[in-house]
Amino acid sequence: MTNSNLSPSYPVPFSNLGRAQALGGQYDHAVRAFQQALTLDPHQAGPHKNLGAIYFLRGQYHEAVTHFQQAVSREPDPQSYVNLGMVYLKLHNLALARASWEQALALNPQYEDAKVNLTLLDQIGTHQAAP
């Protein structure tokens, strides 16, 4: 299925198509589908989450940050903050990684991924501080 077969005014099918294309490794097509969904409804968080994930996988970390930030501004959730923290870690910005994971825990104090990442970050800091 291509983007041209979908209703031009309803964003959900474009998001669904983008997810299917991303799962199939068709990242360029998925990016276009998610961008079309955002054109139709720029207030959605889902396409931003998916674009952030694609850009992260591609190593396009600055683009990933932009989309994860957009996602959490529209629909704050622990997983998006964990993902944002992972991107900041890849960019060697440990302070923003920590802040993102702490925000995930503020939303859900039991969110295991954030707890693990903060523990590992503390261990990295301990090893870097050692003489």
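Guide: Partly exposed here means a relative accessible area between the buried limit, under 20%, and the exposed limit, over 50%. Glutamate 75, with a relative accessible area of 41%, is therefore partly exposed. The model is a predicted one, and it holds four salt bridges.

Glutamate 75 pairs with lysine 49, at 2.8 Å from N to O. This pair links distant parts of the chain, since glutamate 75 sits in the loop between H4 and H5 and lysine 49 in helix H3, 26 residues apart. Lysine 49 also forms a salt bridge with aspartate 77, at 3.1 Å from N to O. Here again distant parts are linked: aspartate 77 belongs to the loop between H4 and H5, 28 residues from lysine 49 in helix H3.

Lysine 49 is partly exposed, at 22%. Aspartate 77 has 16% relative accessibility, so it counts as buried, the cut-off being under 20%.

Another of the salt bridges joins arginine 58 to aspartate 28, with 2.3 Å between the closest N and O atoms. Because arginine 58 lies in the loop between H3 and H4 and aspartate 28 in helix H2, the pair ties together parts that are 30 residues apart in sequence. Arginine 58 is partly exposed, with a relative accessible area of 34%, and aspartate 28 is partly exposed too, at 46%.

Technical notes:
Residues are numbered from 1 along each chain as its sequence is written. This is a predicted model: local features need pLDDT of at least 70, side-chain atom pairs count only at pLDDT 80 or more; totals for chains, interfaces and linings use all residues. Side-chain values use heavy atoms; hydrogens and water are left out. A salt bridge is a side-chain nitrogen of Lys or Arg within 4 Å of a carboxyl oxygen of Asp or Glu. Helices (H or I, at least four residues) and strands (E, at least two) are DSSP runs, numbered from the N terminus. Buried means under 20% relative accessible area, exposed over 50%, partly exposed in between (1.4 Å probe, protein chains only).
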